[in-house]
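Here's a quick walk through one model, for anyone who likes to check geometry by hand. Have the sequence and the coordinates open as you read.

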Amino acid sequence: MVRVLFDTSVVIAAIVPVHPRHSECLPWLEQVKSGEIQGVIAIRSYAKCFSTLTNLPLRPRISPAQAQRLITETLSSFEAIVLTIEDYQAAIAQMVNMGRAGGGVYDALIAQAALKAEVDTLLTLNAKDFTRLGESVSRLVQVPS
């Protein structure tokens, strides 16, 4: 079965109907739910989804309880990838080797989860955040269309 790691950007777009990329991302989520593909998610993405959902400029706002329910329902059939200290060290070493600083390390952690899980695809709306992390990651990147 094809294994697809979902970046937070795709999860949010898929579950928020008014998101401008909803129609492109929802079919991917539906493929996970129907068992056509195996959805994979980095464990830190659970918190990122919660933070993003509860901070979206929507009226009415998504409450913390609603966000929790959406995340639980959406990601229940996903395989969650937990990173070890060694995985974190590898992601930071990659950033150091590339001379990169700052928040890009969070993308490197998502990429590390994709590599650890041996996925076929890293699905994201922010391709450049991942393609700059080297060939082993770049070859996995796909943008929903």
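This is a predicted model: local features need pLDDT of at least 70, side-chain atom pairs count only at pLDDT 80 or more; totals for chains, interfaces and linings use all residues.

Residues are numbered from 1 along each chain as its sequence is written, and side-chain values use heavy atoms, with hydrogens and water left out.

T52 is found in helix 3; helices here are DSSP runs (H or I, at least four residues), as are strands (E, at least two), numbered from the N terminus. Leaving aside neighbours within four places in sequence, T52 is in contact (heavy atoms within 4.5 Å) with T8 and I12. The C-alpha atoms of T52 and R139 are separated by 27 Å, and the two residues sit 87 apart along the chain.

Now compare that with H22, in helix 2 (residues 22-33). H22 is buried, at a relative accessible area of 16%. Neighbours within four places aside, H22 touches A13, A14, I15, V16, P17 and P27.

| Residue | Relative accessibility | Class |
|---|---|---|
| H22 | 16% | buried |

Five strands form an open sheet in the order 3-2-1-4-5, with parallel pairing (two strands pair if DSSP finds at least two bridges between them). Strand 3 (79-81) and strand 5 (141-142) are the edge strands, each pairing on one side only. Helix 3 (residues 44-55) packs on this sheet, touching strand 2 and strand 3. The direction of helix 3 makes about 80 degrees with that of strand 2 (axes are lines fitted to C-alpha atoms, for helices over the stretch in contact; angles run from 0 to 180 degrees between N-to-C directions). Strand 2 (residues 38-42) pairs with strand 3 in the parallel sense over three bridges, and A42 has I81 as its bridge partner in strand 3.

Which residues of helix 5 are buried? They are D87, A91, Q94 and M95. These cover an arc of only 100 degrees around the axis (taken from the directions from the helix axis to the C-beta atoms), so they lie on the same side of helix 5. What covers them includes helix 6 (104-117) and helix 8 (135-138). The face turned away carries the exposed residues I85, E86, V96 and N97.

Technical notes. Buried means under 20% relative accessible area, exposed over 50%, partly exposed in between (1.4 Å probe, protein chains only).
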